[in-house]
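Dear colleague,

Please find below the structure that I am handing over to you, followed by an account of what was found in it.

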Amino acid sequence: MAVYLNEVSRTFGEYLLIPGYSSVECIPANVSLQTPLVKFKKGNKPPMSLKIPMTSAIMQSVSDDTMAISLAKEGGLSFIYGSQSIESQAQMVARVKSYRAGFVVSDSNISPEATLDELLMLKKKTNHSTVAVTIDGSSRGELVGIVTSRDYRVSRMTLDTKVKDFMTPFEEIICGNKDTTLKEANNIIWEHKLNCLPIIDDEQRLISMVFRKDYNTNKNNENELIDESKRYMVGAGINTRDYAERIPALLQAGVDVLCIDSSEGYTEWQKIVLEYVRKNYGDTVKIGAGNIVDKEGFRFLAEAGADFVKVGIGGGAICITREQKGIGRGQATALIEVAKARDEYFNETGIYVPICSDGGTVHDYHITLALAMGADFLMLGRYFARFDESPTKKVNINGNYMKEYWGEGSTRAKNWQRYDLGGDEKLSFEEGVDSFVPYAGSLEDNVGLSLSIVRSTMCNCGYLTISELQKNAKITLVSSTSIVEGSAHDVLLKDSRQIL
């Protein structure tokens with residue numbers, strides 16, 4: 001007969017952390033959120049670690065190269081979505097790896113034959129006072145001059161005056177070459193009292209611009225997630241169909257870590273992919289697998305060679321797998337069991353396989369709960385979809401700004417590979433929805449706020465590292481009435497704010 005699990009399947013919202021003793025050293029500034037990304041042997045350092053325990057989901061509506069760069073600046077990692085052509089995904093990875101912080105591709109460019117009137121319209125459109133003058137008016141054209149607000153006066157010039165007649169010509173411009181480092185660029189700017197420094201190649205084509213106003217933000221950020229060559233780190237999602245073609249292309253583009261993107265990972269399909277990677281690349285290629293919700297699933301993927309394992313089925317805001325198929329498990333219950341299996345595997349083998357909590361995160365405090373329950377890091381979709389850096393449109397709905405957000409199992413995404421069970425190459429039915437989420441602004445501001453809450457909560461519990469929190473946290477179940485008690489109650493609120 002069927003096996004019945006008597007334990008109730010529970011979510012993060014059914015638990016609270018119990019505060020612990022906090023010493024005078026236990027302040028948010030002393031909290032370290034560094035956490036392992038891939039497996040390592042006992043006594044060794046992880047080959048890859050995150051500065052913050054956050055990764056962005058392998059989704060069309062979440063993770064592209066813009067998101068990857070922004071999250072890497074904060075110490076996290078994006079997994080660029082795989083439900084696109086191999087060439088397109090590889091190009092996104094390459095753009096992240098080639099990105100140079102502080103070097104801005106110019107979006108205010110004009111040709112020398114353009115008029116003052118056209119220049120003024122361009123400035124109104126971009127709101128930038130410095131305009132590069134290139135032969136063809138493109139961002140990569142031959143640089144022939146620069147125009148700033150000091151080069152013209154509207155009251156004394158006619159609008160049909162040509163740009164070439166009042167621009168600062170190339171011969172009078174100080175430029176950097178393609179090998180100029182950010183430190184060197186900033187030194188040139190300060191030495192010559194420049195507002196900006198154009199960077200050009202050997203044929204005088206414009207590559208990028210470095211601006212004086214960006215100096216403070218261009219300083220080395222100790223929290224940036226960078227590789228040995230000081231390039232931003234980036235991950236990418238793959239599937240169990242075209243992996244033999246996709247993986248080499250992504251590696252050629254410079255990807256740092258891969259992850260098999262699937263709604264259910266306890267399958268031979270994933271084992272075949274992991275075996276392919278180990279046979280062809282050994283341990284040099286890092287690859288995560290999942291998703292699973294129990295100890296058997298974890299053990300299967302760990303033994304198959306996964307570098308990390310994702311936990312969670314049906315808990316995402318746009319996921320309807322549980323509703324459609326009736327499979328899954330409450331995220332908290334799944335995470336607790338898998339974390340225990342992870343620790344048992346570590347004690348047996350001496351190999352620590354990090355686990356990633358994927359789904360079920362509604363409030364900021366759920367991040368801390370997930371870490372306390374054993375997660376080494378989280379994968380977040382809805383959370384990141386709300387920001388400027390996500391690839392979706394910002395729209396106005398009934399007076400409120402929203403961002404589009406759709407699941408990989410939706411008809412819009414058509415990501416049949418994620419739900420592949422070896423049948424026809426199509427999405428037979430939906431396991432995700434097409435939706436909107438409230439627009440929240442910039443990634444930097446929101447991640448900073450969320451992590452300040454995590455650090456503060458860890459201090460309340462008395463711990464300065466994620467590993468200490470995992471080993472020593474005290475967690476309690478809460479009743480439905482105590483959940484009500486924990487929010488504002490029995491008062492009339494002066495304003496109403498939706499908690500995201």
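**Strands, helices and their contacts**

Strand β15, helix α7 and strand β16 form a β-α-β unit that is right-handed. A crossover has this hand if, with the strands pointing away from the viewer, the path from the first strand over the helix to the second runs clockwise. Helices (H or I, at least four residues) and strands (E, at least two) are DSSP runs, numbered from the N terminus.

Please note that this is a predicted model, in which local features need pLDDT of at least 70 and side-chain atom pairs count only at pLDDT 80 or more, while totals for chains, interfaces and linings use all residues. Residues are numbered from 1 along each chain as its sequence is written, and side-chain values use heavy atoms, with hydrogens and water left out.

**The parallel strands**

Which strands run beside β15? Strand β16 (residues 287-292) is parallel to β15 and joined to it by 2 bridges, with L258 standing opposite I287. Strand β14 is also parallel to β15, and 4 bridges join the two; here I238 stands opposite I260. Two strands count as paired if DSSP finds at least two bridges between them. The path from β14 over α6 to β15 makes another right-handed β-α-β unit.

Strand β6 (residues 77-80) pairs with β14 (residues 235-238) in parallel over 2 bridges, and F79 faces G235 across this pairing. Strand β5 (residues 54-56) is likewise parallel to β6, again with 2 bridges, and S56 is opposite S78. Between β5 and β6 the chain passes through helix α1 (residues 65-74) in a right-handed β-α-β crossover.

**Buried faces**

In a regular strand the side chains alternate between the two faces of the sheet. Buried means under 20% relative accessible area and exposed over 50%, with partly exposed in between (1.4 Å probe, protein chains only). Strand β15 (residues 257-260) is also covered on both faces: V257 and C259 lie on one side, L258 and I260 on the other, and all four are buried.

C259 counts as buried because its relative accessibility is 0%. Among the residues that C259 touches, leaving aside those up to four places away in sequence, are F79, A236, I287 and F308; contact means heavy atoms within 4.5 Å. The C-alpha atoms of C259 and I80 are 9.8 Å apart, although 179 residues separate the two along the chain.

Why does N398 count as exposed? N398 does so because its relative accessibility is 78%. N398 belongs to the loop between β21 (394-397) and β22 (400-406).

**Helix packing**

Helix α6 (residues 243-253) and helix α7 (residues 268-281) have axes that come within 11 Å and cross at roughly 50°. Axes are lines fitted to C-alpha atoms, for helices over the stretch in contact, and angles run from 0 to 180 degrees between N-to-C directions. The two helices, α6 and α7, are therefore oblique to each other. Angles under 35 degrees count as roughly parallel, over 145 as roughly antiparallel, 65 to 115 as roughly perpendicular and the rest as oblique. The residues in contact include Y243, I247 and L251 of α6, and I272, Y276 and Y281 of α7.

Helix α2 (residues 86-98) also packs with α6: their axes come within 8 Å and cross at roughly 20°, so α2 and α6 are roughly parallel to each other. Residues of α2, including I86, A90 and V93, meet residues of α6, including E245, A249 and L250. The crossing of α2 and α6 is right-handed, as is that of α6 and α7. A crossing is left-handed if the near helix is turned anticlockwise from the far one by less than a right angle, and right-handed if clockwise.

**A further sheet**

An open sheet of 4 strands runs in the order β7-β8-β9-β10, with mixed pairing. β7 (109-110) and β10 (168-169) are at the edges with a single partner strand each, so one side of each has no neighbour in the sheet. Strands β8 (residues 131-134) and β9 (residues 143-147) are antiparallel and joined by 4 bridges, and A132 stands opposite I146.

Yours sincerely
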